[in-house]
Amino acid sequence: MALPVTDQRFSVEVDPSEEVMDIQMGPAHPATHGTIKLNLRLDGEVILACDTEVGYLHRGFEKMIEQGTWTQAIPYTDRLNYVSPIINNVGFILGVERLCGIEVPERCQYIRVIMSEISRICDHLTCLGMGAAEAGAQTVGFLTNESREFLWDIVEAVTGARLTISYTRIGGVTLDLPRDINARVAAAFVNLRGVLSDCDKLLTRNRIFYDRMVGVGAISADDAISFGITGPLLRAAGVPYDVRRAHPYSGYERFDFEVPVGSAGDNYDRFLVRVSEIEQSMRIVEQGLREIPDGPIRLDDPRYVLPEKHKVYNSIEGLMHHFKLIMEGAKVPAGEVYQAVEGGNGEVGFYIISDGSGRPYRCRVRPPCFFAMAALGDMLKGHMVADIITTFGMVNMIGGECDR
Amino acid sequence: MGLSPEALLEAVRAAAGERVSDSLLAFDEAAIVLRRDDAPAVCALLRDRPEFAFNALADLSAVDYFGKVPRFEVVYHLNSLTHGHRLRVKVRVGEEDAWAHSLTMLWKSANWLERECWDMFGIRFVGHPDPRRILMYEEFVGHPLRKDYPVDKRQPLVPERDPIEKGWRF
């Protein structure tokens, strides 16, 4: 096959005397946790160009959401970032609530924050554990997965499911926190703090890990912003942008936490930022559990919220409201909003348009991974093939979210 | 802190003048409507003027208002990480001439977002360096997020391709 001397799209100079090789990596590569195909042009082990192909997990999320009622859209949001589904639930429902012009009770806001932060820890643990395991530190993978299991036990105790939880509803959440939530969280956090300390000892000053992470996959702050990258990747590049700070939602302004930033924007800084964020998330959860007020967990608003069961069985109004909400769906007023929340990988945005008919007219999701994947080729250029694994691990692409 | 949505709209109208053909304020969010040919210049102004400093294109998508004229709305969500304000920019395009100017020279994120918009809605972006489909495969016929694309439509399986033989575009 004849190879071009100058690559037009990436303007990589290729020495014609050198052997250049085209290779496909993926879509089912064992060391990339996500279905994605990388079309690589290599000079020996050095990556000259990388064309990233996404879309292997495209399930037509945005099309499907237009088919049902607003409540029926919530399970779809679980399947975006399936490691931290609560954050997606919260993001979608906050947008819908803004359209409805309702504000949920304070206890519900706290529950949403607490559960979001627990999900964020799960997300970061997955990224750290799998990233490290793919780089060869299998032990870390086992440690973080065990720790994540304890957190998923909490999620299960609260919501009734581990991953496909559909926890939020318009005007509230489905279930209240269990009575022993404090003890459960305390126990899980004792384990988590131990695991973090172990991981710190195993990785942070580990010569092999350090050499494979430092300076690899770096992206400058300006490029990261221009690529629309958010979340830990952007903060590792030194930009302290966090949606929870910049555009607080669900009462995040009440919470006391720091936004950790890196400086180099390489894989090592991404690793450190994520570890620090786990610590900050634990702080938020603990503060939330200390300060959470008593009260209802959902609004009493028959336009949007299902009535209590005793009202359904004992009064005609309750029965009517229940019937209308189930059969026709909540009539969300016409309008459009863009609601952003800080997901595990960055800004998850929901651009929701209602025409007042009881069904979403359009729901666009801004997936944070999609933007990071667009920049992956730039991050990898000039690095070695083995660096793909660590970079891809630290970018933490979640297929369900990226491809929708 | 950034400008409030009201103040932001005021400032954008003052800076871009007649080119802002409509401005909307709802749910504490500011939105402007631009004519297609004004969009690149006004967006460049929004990015480069220090009082706006919209350094990130947070999102780009389209909405299909099937049955209305013009049919499509291309929606840009701009975000200023410097000031912390957001602006929604809309460009309306018709069904017969479903195209808009590419903004890849302003923001790098526009590259993939415009590819997705073409893939899902069939809106072309003139000046895009790499106008391929992104989520769907090349043999796919139609644009699935259009309102007249049936949700249960099936398309035939495509024969296996040998990408090494065919080559791919870097």
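This is a predicted model: local features need pLDDT of at least 70, side-chain atom pairs count only at pLDDT 80 or more; totals for chains, interfaces and linings use all residues.

Me: Which elements of chain B have the lowest and the highest mean pLDDT?

Reply: The lowest mean belongs to helix α4 of chain B, residues 163-166, at 60. The highest is 92, for strand β4 of chain B, residues 72-79.

Me: OK, over to chain A. What's the strand order in the open sheet of 3 strands?

Reply: The order is β6-β7-β8 in chain A, with antiparallel pairing. The edge strands are β6(A), residues 335-343, and β8(A), residues 360-366, each pairing on one side only. From one strand to the next, the twist averages 15°.

Me: How many bridges are there between β6(A) and β7(A)?

Reply: There are 9 bridges between β6(A) and β7(A), which covers residues 346-354, and the two pair in the antiparallel sense. If you want a spot to look at, A:Ala340 stands opposite A:Gly349 in β7(A).

Me: And how many join β7(A) to β8(A)?

Reply: That pair is joined by 6 bridges and runs antiparallel. There, A:Ile352 stands opposite A:Cys363 in β8(A).

Me: Why is β8(A) described as largely enclosed?

Reply: Because 6 of its 7 residues are buried, β8(A) is largely enclosed by the rest of the structure.

Me: Which helix lies across β6 and β7 of chain A?

Reply: That's α3(A), residues 85-100, which runs at about 150° to β6(A).

Me: Switching topic: what domains does chain A have?

Reply: The domain assignment gives domain 1 as 71-101 + 103-298 + 333-403, and domain 2 as 304-332. Their C-alpha centres lie 34 Å apart. The contact between them takes 14 residues from domain 1 of chain A and 7 residues from domain 2 of chain A.

Me: Which element gives the most on the domain 1 side of chain A?

Reply: α3(A) does, with 3 residues. The side of domain 1 of chain A that touches domain 2 has 5 nonpolar, 6 polar and 3 charged residues.

Me: Now some single residues. Is B:Leu78 buried or exposed?

Reply: B:Leu78 is buried, because 25 other C-beta atoms lie within 10 Å. You'll find B:Leu78 in strand β4 of chain B.

Me: What's B:Leu78 in contact with, leaving aside its neighbours within four places in sequence?

Reply: Its contacts include B:Leu46, B:Phe54, B:Leu57 and B:Ala58. B:Arg86, B:Leu87 and B:Val89 are also among them.

Me: Where in chain B is there a cis peptide bond?

Reply: From B:Val69 to B:Pro70, with omega near -10°. B:Pro70 is found in the loop between β3(B), residues 56-64, and β4(B).

Me: Back to phi: what's the value at A:Ser166?

Reply: It's positive, about 45°, although A:Ser166 is not a glycine. A:Ser166 sits in the loop between α5(A), residues 138-159, and β4(A), residues 168-169. A:Ser166 is buried, with 20 other C-beta atoms within 10 Å.

Me: And what about phi of B:Ala53?

Reply: That one is near 50°, again a positive value in a residue other than glycine. B:Ala53 lies in the loop between α2(B), residues 39-48, and β3(B). With 17 C-beta neighbours inside 10 Å, B:Ala53 counts as partly exposed.

Notes:
Residues are numbered from 1 along each chain as its sequence is written. Chains are lettered from A and ligands numbered from 1 in the order in which they are written. Two strands pair if DSSP finds at least two bridges between them. Helices (H or I, at least four residues) and strands (E, at least two) are DSSP runs, numbered from the N terminus. Axes are lines fitted to C-alpha atoms, for helices over the stretch in contact, and angles run from 0 to 180 degrees between N-to-C directions. Two residues are in contact if their C-beta atoms, placed from the backbone, lie within 7 Å. A residue is buried if 20 or more other C-beta atoms lie within 10 Å of its own, exposed if 12 or fewer, and partly exposed in between; C-beta atoms are placed from the backbone. pLDDT is the predictor's confidence in each residue, from 0 to 100. Domain bounds come from an automatic or database domain assignment. Ala, Val, Leu, Ile, Met, Phe, Trp, Tyr, Cys and Pro count as nonpolar, Asp, Glu, Lys and Arg as charged, and the others, Gly among them, as polar.
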